[in-house]
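Good morning, colleagues. I would like to present one structure, with attention to its charged side chains and its sheet.

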Amino acid sequence: MAPMPAISPSNWGKTVHKLIADNNVKIVFQGHDHIFVRQELDGVIYQTCPMPADPYYSLVNSSYFLTGDKVANPGHVRIAVSSQYEPLSYFFILIDISKRNQIAMF
C-alpha cells in the first residue's frame with residue numbers, strides 16, 4: 001500500500017476560507033469560545049456559538065473577534081434547515097443565580 005500524502009494547509013494551494021467559499025458553503029459553526037459572534041466574509045457566515053450556562057453575561061474572548069455582531073452570554077442558537085425560516089436564531093437566557101431553577105428566554 002502506498003503511503004498517504006501529507007495533507008496540510010501548506011500544500012492545499014488555497015486558504016481554508018477560499019476552499020470553503022469556492023465550495024459554496026453558506027455557514028461554518030464553531031464553539032467553545034463562550035461568546036455569540038456572527039461574522040461574514042465573501043458570503044460565508046462564520047458563526048461562533050455561545051455558552052448557554054454562563055451566569056456572568058460576559059464577552060469572554062471578544063478581543064479575538066475584530067469584526068462581527070457580538071452578544072454576551074448566556075444563550076443558545078437554533079438552526080433551521082428550511083427555506084421558510086431564518087437559518088439561525090439566537091435566544092438570550094436570563095439566569096437568576098439566586099433562583100437557579102428559574103430561567104427566562106428572550
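Helices (H or I, at least four residues) and strands (E, at least two) are taken here as DSSP runs, numbered from the N terminus. This is a predicted model, in which local features need pLDDT of at least 70 and side-chain atom pairs count only at pLDDT 80 or more, while totals for chains, interfaces and linings use all residues. Residues are numbered from 1 along each chain as its sequence is written, and side-chain values use heavy atoms, with hydrogens and water left out.

Let me begin with helix 1 (residues 16–22), where Lys18 and Asp22 lie four residues apart, about one turn of the helix. These two form a salt bridge, their closest N and O atoms being 3.1 Å apart; the term requires a side-chain nitrogen of Lys or Arg within 4 Å of a carboxyl oxygen of Asp or Glu. Asp22 also meets Lys14 in a salt bridge, at 2.7 Å from N to O.

How exposed is Asp22? Its relative accessible area is 35%, so Asp22 is partly exposed, given that buried means under 20%, exposed over 50%, and partly exposed in between (1.4 Å probe, protein chains only). Lys18, at 42%, is partly exposed.

Turning to the sheet, four strands form an open arrangement in the order 1-3-2-4, with mixed pairing; two strands pair if DSSP finds at least two bridges between them. Strand 2 (residues 36–41) and strand 3 (residues 44–48) run antiparallel, joined by five bridges. Arg38 stands opposite Gln47 in strand 3, and Arg38 forms a salt bridge with Glu40 at 3.4 Å between the closest N and O atoms.
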